[in-house]
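Student: I have a model open and would like to learn how to read its features. Could you walk me through it?

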Amino acid sequence: MSNISRRKFLTAGLAATAGVAGAAALAGHYQLLPPDWRGPYGPGETLTYAAQRLLTRHSNAREFPRSMISKVPFANELAPPNDNFKRLQAGGFTDWRLTVDGMVSHPTSFSVADLKALPRHSQITEVVCEEGWSYVAEWIGTPLYEVLNAVGFLPQARYAAYFSIEPDWWESVDMADALHPQTLVTYAMNDSDLPVPFGGPLRLRVPRQLGYKSVKFITRLTVTDSMKKFGKGLGSSSPEAGYAWYAGI
């Protein structure tokens, strides 16, 4: 770790232990302040986020050989799909769109076919749930950075917020994760189209964070410099329900 990185790390750590106000002043100076820093666990969330960003910003989630793909991956229980989803599913998802807007030069609405025309990547990574279960699968899609490059994201962007077709289900990541090569807009799993129980037709896969950050059925992605105007300003629906915004593993 460089001397500058050490100084930033120690500064952020001292800010977190000093309390929320100190965390805001010092960690914020280095853009190491998570959107949910005002919550009851704000100092701890700040220290965790700052430490991981300084120490593991460019690290990769573990990738596995094909022999370790789970034979029976676990699809977390879902509520019955809404009518809009059923309509799109009946049409083979040909009308499904991922709208990308916000701080971009060219707001664009991508069909699944459009996304499949972008550079393709696959990875065998593990979904790790905060509830204690996990499975390994091959995820196939286009890196999110390819989508962001296609729309021309602006240099002042700090976050990418993404939304499911299911109401009130949304998340966001900072640009370190949004531009990380393992963050995928996935449309296939284990050599076939992404099954609906696993998020088909489109799921944002964020393998460096716990499973709840990999939102299923995404329809919109907004690039922004602040999360204050989204929901309760905590960065996603997860901290609104008591979870951490940053769920790095």
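Predicted model: local features only at pLDDT ≥ 70, side-chain atom pairs only at ≥ 80, totals over all residues.

Student: Which residue forms a salt bridge with E138?

Tutor: The general idea is that side chains of opposite charge can pair when their charged atoms come close. The cut-off for a salt bridge is a side-chain nitrogen of Lys or Arg within 4 Å of a carboxyl oxygen of Asp or Glu. In this model the partner of E138 is R66, with 3.2 Å between the closest N and O atoms. E138 belongs to strand β4 (residues 134-143) and R66 to the loop between α3 and α4 (83-90), so the bridge ties together parts 72 residues apart in sequence. R66 is partly exposed, with a relative accessible area of 47%.

Student: How are those helix and strand labels assigned?

Tutor: They are DSSP runs numbered from the N terminus: helices are H or I with at least four residues, strands are E with at least two.

Student: How many salt bridges are there in the whole structure?

Tutor: A search finds seven. One of them joins the side chains of R53 and D174, at 2.6 Å from N to O. R53 sits in helix α3 and D174 in strand β6 (residues 170-174), 121 residues apart. Both ends are buried: R53 has a relative accessible area of 4%, and D174 has 5%.

Another bridge pairs D193 with K116 at 3.7 Å, N to O. D193 is in strand β8 (residues 192-193) and K116 in helix α5 (residues 112-116), so this pair links parts 77 residues apart in sequence. D193 counts as exposed at 55%, while K116 is partly exposed at 40%. Through shared partners, salt bridges also join R53, D174, D177 and R208 into one network.

Student: What span does helix α3 reach, and what is expected?

Tutor: The expected span is 1.5 Å times one less than the number of residues. Helix α3 (residues 42-56) has 15 residues and reaches 21 Å from first C-alpha to last, close to the expected 21 Å. Its buried residues include E45, Y49, R53 and L54.

Student: Do β1 and β2 run parallel or antiparallel?

Tutor: Two strands pair if DSSP finds at least two bridges between them. Strands β1 (residues 97-102) and β2 (residues 108-111) run antiparallel, joined by four bridges. They form a hairpin with five residues between them, and V100 stands opposite T108 in β2. Four bridges also join β1 to strand β10 (residues 218-224), and these two run parallel. There, T99 has R220 as its bridge partner.

Methods
Residues numbered from 1 in each chain as written. Heavy atoms only, no water. Buried < 20%, exposed > 50% of the residue type's maximum accessible area, 1.4 Å probe, protein only.
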